[in-house]
Amino acid sequence: MTDCRFDFHCHSLASDGALTPTELVERAAGAGVQLLALTDHDTLAGLPEARQAASAAGIRLVAGIEVSVDWDGRELHLVGLGFDPDHPEVSALVASQQQARTLRAERIGGRLDKAAGLANSYQRTVTLSGQDAPGRPWFAKMLVAAGKVRDEQHAFNRYLKPGQSCFVATPWVSMDAAVAAIRAGGGVAVLAHPTRYSFTRRKLRRCLEHFVVAGGAALEVLTPGLNPQQQALLAECLRDFPLHASGGSDFHTPKQTWLELGRLPPVPVDMPLVHSLIGA
Ligand code: AMP
Ligand code: MN
Ligand code: MN
Ligand code: MN
């Protein structure tokens with residue numbers, strides 16, 4: 001299936017996407033995707049519905065997740081692919097991340113109550129999202145709905161991004177432990193969107209050295225919107241580290257009309273793809 005259209009990074013309403021897993025899968029199939037991984041943030045809640053929808057739409061679904069991890073005091077994102085979602089180490093990873101997210105959400109809510117002059121920010125956001133551990137985008141949506149900010153970006157800039165009053169640092173799982181759990185479940189760990197961490201070239205290479213030692217096996221290099229310099233840097237990393245290439249749109253919502261499921265840069269013929277590691 002390496003020559004088919006694929007997408008190994010996208011989000012549904014089970015985390016911070018705008019579409020139900022069924023809508024997402026149907027949209028992917030409509031866009032010509034034949035191999036899809038739903039990679040919601042720190043949850044597998046959308047997977048059963050996505051599986052059903054994929055079967056009905058006649059496309060292949062790979063188990064996926066995007067895990068927020070700590071490396072060297074920074075938050076990085078790993079994509080896990082092709083694991084057994086019922087493996088106890090995978091379940092334990094998801095449970096501990098959900099616990100951290102729930103505590104964080106309660107604290108964000110407490111801070112917003114004061115900073116934005118709202119009552120019950122946490123409960124409002126739980127209701128809006130239908131989740132116990134809503135992520136920051138749901139707080140942004142809640143602030144828009146409450147008339148406190150003009151749009152979601154404004155909510156991040158004013159309250160939710162690092163440095164702002166309602167940002168709450170979270171004790172994410174270590175990169176090593178997350179990779180270990182994904183591997184224990186028979187899956188592959190991918191470093192997601194490596195150009196989004198404001199890393200210098202040197203720091204990215206140091207991170208990848210650590211990632212490979214931890215058991216990381218792939219780098220997300222096929223993503224929309226990379227400039228030629230970034231593409232060259234990632235190609236260099238693929239040459240210099242024993243990593244396969246993954247790719248995904250990081251689709252969240254149809255509102256971002258410039259970004260579509262399965263619409264990735266062309267795959268260079270000699271690029272080793274993550275497909276071979278997950279039997280896809
Ligand atoms: P969380 O995992 O709850 O911290 O939420 C992170 C998500 O919020 C990311 O996956 C993006 O979808 C979104 N996000 C992160 N930073 C920003 C930002 N500065 N502006 C808008 N959206 C953001
Ligand atoms: Mn997101
Ligand atoms: Mn991410
Ligand atoms: Mn993502």
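Me: Which protein donors does the manganese ion (ligand 4) have?
Reply: They are His9 (NE2), His11 (NE2), Glu66 (OE) and Asp250 (OD), lying 2.1 to 2.2 Å from the ion. Donors here are N, O and S atoms within 2.8 Å of the metal (3.2 Å for Na, K and Ca), and water is not among the atoms, so sites may look incomplete. Before we go on: this is a predicted model, where local features need pLDDT of at least 70, side-chain atom pairs count only at pLDDT 80 or more, and totals for chains, interfaces and linings use all residues. Residues are numbered from 1 along each chain as its sequence is written, chains are lettered from A and ligands numbered from 1 in the order in which they are written, and side-chain values use heavy atoms, with hydrogens and water left out.

Me: How are the donors of ligand 4 spaced along the chain?
Reply: The spacing for the manganese ion (ligand 4) is H-x1-H-x54-E-x183-D. His9 sits in the loop between strand E1 (6-7) and helix H1 (21-30), while Glu66 is in strand E4 (residues 64-71), so this pair links distant parts of the chain, 57 residues apart. Helices (H or I, at least four residues) and strands (E, at least two) are DSSP runs, numbered from the N terminus.

Me: OK, and which donors hold ligand 3?
Reply: The manganese ion (ligand 3) has Glu66 (OE), His77 (ND1) and His193 (NE2), again at 2.1 to 2.2 Å. Glu66 lies in strand E4 and His77 in strand E5 (residues 74-81), so the two tie together parts that are 11 residues apart in sequence.

Me: What about the donors of ligand 2?
Reply: For the manganese ion (ligand 2) they are Asp16 (OD), His41 (NE2) and His252 (NE2), lying 2.1 to 2.2 Å from it. Asp16 is in the loop between E1 and H1 and His252 in the segment after strand E9 (244-247), so that pair ties together parts 236 residues apart in sequence.

Me: How far apart are ligand 2 and ligand 4?
Reply: Those two manganese ions are 4.7 Å apart. Ligand 2 and ligand 3 are 5.8 Å apart.

Me: New topic: what is the volume of the largest pocket?
Reply: About 1600 Å³. On a 1 Å grid over the protein atoms alone, a pocket is an open set of points with protein on both sides within 12 Å along at least five of seven lines, a cavity is a set where a 1.4 Å probe fits but cannot get out, and lining residues have an atom within 4 Å of a point. Grid points are joined across faces, edges and corners, and a volume is the space filled by probe spheres set on the points.

Me: Which residues lie nearest the pocket's centre?
Reply: Of its 49 lining residues, Asp16, Arg136, Pro137, Phe156 and His252 do.

Me: Last one: at what angle do H5 and H6 pack?
Reply: Helix H5 (residues 136-145) and helix H6 (residues 152-160) pack at about 110 degrees, with axes 8 Å apart. Axes are lines fitted to C-alpha atoms, for helices over the stretch in contact, and angles run from 0 to 180 degrees between N-to-C directions.
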